[in-house]
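Me: I have a structure open and want to learn to read it. Can you take me through a sheet and some pockets?

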Amino acid sequence: MRFAFVRVKNHTELAVATGEGLVPLNTITIKGLENVRITISSLMKNPYYIDLIDDALCEVNGELEYLREGEYKFDSAVGKPEKIICLGHNYKEHVGELKKKLPENPILFSKFNNSLAGHEEEIPLPENSSQIDYEGELGIVIGKAAYNVPEDKALDHVFGYFIANDVSARDLQFRTEQWLLGKTCEKFFPNGPFLVTSDEVRDPQNLSIKTRVNGEVRQNSNTSRMIFSCSRIISYISKYIPLKPGDVISTGTAEGVIVGMPAEKRKWLKNGDIVEVEIEKLGTLRNRFVS
């Protein structure tokens, strides 16, 4: 099932995506849940709610209150997570284009909630940076508390997957050995459009992933090229940091980023550029960058 946070008038709604469009969950009568407010947190605590929602969608026979184009905007598909944990250098060819050594352990860094943005939301170009880069990535949302979990059980703790763009200000990122400054500028973690439940993905290590800038394909890879798999990443992090439902992990980017090009060929993102990240089974995330 696909969920989305959407802004309608002055509030945010949790909606479910169908083949015909988006339907706010609060407009659906769900047997057994008539007096329950459905949230992502409640879905994580009670996974059977998803089956009840699916049954309700089948029973209404097309009589659904779809959101109409223009009356809503996409918000961050992952809400406001407590943790946003990201990976660097996690695709073999990406490490190669940067002329780095393959990491022995996952390279972790973080972003803050101010970096969250939704599908089709405009991303501001910082005035104090001139080297803005894209990084299309597969994202994970934890659905069940994970602490010191073995690798073969790690995916049992996943609620769903989403598309992310780990936007990076390279001149700020590499100013020091710590990457944080260049990674967590305003709206530097656009994501969505949807949070797709894990049952629809099944194998997160076999998904095509592409990034386009103004229609030109820049990144074209597959999650099978990850150095550390999703299960390995979750297990590794959980040995040191307790993961809670709603926590987010972004699994790294493939080759084809601007910083990996020869210096004379680098054309950093500029005002008006549109970046699209497409991942198999998850959809396409699209954002315009603006001065």
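Reply: We take the sheet, then the pockets. This is a predicted model, where local features need pLDDT of at least 70, side-chain atom pairs count only at pLDDT 80 or more, and totals for chains, interfaces and linings use all residues. Residues are numbered from 1 along each chain as its sequence is written, and side-chain values use heavy atoms, with hydrogens and water left out.

Me: In what order do the 5 strands of the open sheet lie?

Reply: Strands of a sheet pair through backbone hydrogen bonds, either parallel or antiparallel. Here the order is β8-β19-β18-β15-β16, with mixed pairing. Strands are DSSP runs of E, at least two residues, numbered from the N terminus. Two of them pair if DSSP finds at least two bridges between them.

Me: Which are the edge strands?

Reply: They are β8 (123-124) and β16 (216-222), and each pairs on one side only. β8 runs parallel to β19 (residues 283-290), over 2 bridges. Ile 123 has Phe 289 of β19 as its bridge partner.

Me: How much space lies in the largest pocket?

Reply: Rolling a probe the size of a water molecule over the atoms shows where empty space is left. A pocket is an open set of points on a 1 Å grid over the protein atoms alone, where a 1.4 Å probe fits, with protein on both sides within 12 Å along at least five of seven lines; lining residues have an atom within 4 Å of a point. The largest pocket holds about 360 Å³, a volume being the space filled by probe spheres set on the points.

Me: Which residues lie nearest its centre?

Reply: Leu 25, Asn 26, Val 36, Arg 37 and Ile 38, among 17 lining residues. Strand β2 (residues 11-18) gives the largest share, 4 residues.
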